[in-house]
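Here is a short walk through one protein model. Look at the sequence and the structure first, then read on.

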Amino acid sequence: MVKNNKSKPSKELPSGFVDRQEKELLIRDFVISNIKEVMIKYGFQYLETPSFEYTDSIGKFLPDKERPDQGVFSFKDEKNWLSLRYDLTAPLARYVAKNYLELPKPFKRYQLGSVWRNEKPGPGRFREFLQFDADYVGTRSPQADAELCVLISEILDKCGLDKNDYTVKISSRKFIDKLFDQLKITSKDQKSTTLRALDKIDRLGWEESKKLLSEGRKDKSGDYTKGAKLKKDQIKTIENALKSKSASSEDILEIIKIFEAFNFTNYKFDPSVIRGLEYYTGPVFEVNLNFEVKNAKGQTIQFGSIGGGGRYDNLVSNFGNFDCPATGISIGLDRLVFALMQKKDFKLKSTRPVVICIFDKNKTKEYVGILNRLRSSNVSSEIYPGEGKLKKQMEYANKIGSPAVILYGEDEIKLGKVTLKNLATGNESSVKIEDLVDEIKKII
RNA sequence: GCAGCAGUAGCUCAGUUGGUUAGAGCACUAGUUUGUGGAACUAGGGGUCGGUGGUUCGAAUCCACCCUGCUGUACCA
């Protein structure tokens, strides 16, 4: 609801952007700490690149010359078009190209950062979101591809998911290419339409996807999507190849061998995993959750994957004459957190301060004395930061979830004691100032 | 982009054969308690009923267009 109020600015957010509150942020921090732990263990370097890049550095496909804002957020400074990054892979390729000679080969780095997409927001999908990327640059070894899947799995386990909650699906562009050769499908258009149709099998099922492989499909909203116009026997061959689930592609077989060495079993070969059409060149991965995710209204939503990636051997070479294979994986952290919040009841400590109530404005010295005593013992604490009666101060403490309040008024000052009130139980006790920290630590 | 549904108080929502000053719960403010929160009671504040135009004696309600949100679908580096 955007109210057109000329005198005041809108309090609404731009479409696709959200405020995130502490509960969500604490879970996010928890996820991030797990990620860092795993990344260090696996030997990755930490990298940060800027939010903005030159537009033509972060994607040869974008922006559309006539519509520089399509898909990405862009603006022109005095000379050049700049864009907010839409993923972390393109900046990585740029970084590697820029520092090619100095970097170790292979180069393993991980990165956490927001990315922005100027497109319609969907369920759990926003125009600004936090991404995690781990990439191996400069190696063709299937060990790299395999380890990415293993590491993602380890992160999810640490976050509290168990093996039934998610599956790492793998496939390979080579498997599909082989199929295209076999079927003598050469038209680029037909290939990409076919890939898109296969990508939808998970969501629509075989019958509906088949319509997209042949003439086309009308969805329940009445919208019609043109199909790939394949012949019946071609579709049959594809169906058989996909349903057989035998990984008849060299790269996949090697990866699976390495999975076995790692004792990693929570994967599935699934040729319907397609991912981005343009830049993947070999194995592709996708991490899917196996439980239902609901939105704020309690409706079950099409959640899709929480992450994925694959091998992109040509991306770095876009920037120069490098032969630089690479493979990577990413997780959409906000989406993962959104799902985790529903799956698990996190008891993450959100430490709220002990509140020291104010009785007399002229006793600041006494209050600060108590405050310092608490803070120097690392007890989260504050002097009531407002103005008002004790009742108001109590209401405040209650509302912020404070564990206790300290009453230090005329009576207490005379006695050299403070009154400590446990807000959970309502108990009050009179304690000596020297014992205050110990007593509070019993409560929090 | 296309389609379905929705938009009434800060939040969740009720309110159609069109009819006085538009309601509830929660939240908020004040009080019952001038040194005590979470419960209760009392009182109070808060709305151009998403916007604009139209039909009508009269519109939250009917019509048209627009905006925003949700869901699906398309596209997606």
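The paragraphs below take up a helix, some paired strands and a set of aromatic rings.

This is a predicted model. Begin with helix 5, residues 188-199. Its twelve residues reach 17 Å from the first C-alpha to the last. That is close to the 16 Å expected at 1.5 Å a residue. S192, T193, T194, L195, A197 and L198 are buried in this helix. Their cover includes helix 4 (173-183), helix 6 (201-204), helix 7 (206-213), strand 9 (224-226) and helix 8 (232-244).

Now turn to strand 4, residues 81-84. Strand 2 (residues 52-54) runs antiparallel to strand 4, and three bridges join them. Strand 3 (residues 74-76) also pairs with strand 4 in the antiparallel sense, over three bridges. Strands 3 and 4 form a hairpin, with four residues between them. L82 stands opposite Y54 and is also the bridge partner of F75.

Next come the rings. The model has 15 aromatic pairs. Y46 and Y110 are stacked, because their ring centres lie 4.6 Å apart and their planes are at 0 degrees. Y46 belongs to strand 1 and Y110 to strand 5, 64 residues apart. Y46 is partly exposed, at 48% relative accessible area. Y110 is buried, at 3%.

Y100 and F322 form a tilted pair, 4.2 Å centre to centre, with 35 degrees between the planes. Both sit in loops, 222 residues apart, and both are buried. The charged end of K105 sits over the ring of Y100, 4.5 Å from its centre. K108 lies over the face of F44, at 4.8 Å from the ring centre. Elsewhere, ring pairs link F259, F264 and Y267 into a cluster.

How values were computed. Residues are numbered from 1 along each chain as its sequence is written. Chains are lettered from A and ligands numbered from 1 in the order in which they are written. This is a predicted model: local features need pLDDT of at least 70, side-chain atom pairs count only at pLDDT 80 or more; totals for chains, interfaces and linings use all residues. Side-chain values use heavy atoms; hydrogens and water are left out. Helices (H or I, at least four residues) and strands (E, at least two) are DSSP runs, numbered from the N terminus. The expected span of a helix is 1.5 Å times one less than its number of residues. Buried means under 20% relative accessible area, exposed over 50%, partly exposed in between (1.4 Å probe, protein chains only). Contact means heavy atoms within 4.5 Å. Two strands pair if DSSP finds at least two bridges between them. Rings of Phe, Tyr and Trp (its six-membered ring) pair if their centres lie within 6.5 Å; planes under 30 degrees apart count as stacked, over 60 as edge-to-face and the rest as tilted. A charge sits over a ring if NZ of Lys or CZ of Arg is within 6 Å of the ring centre and within 35 degrees of the ring normal.
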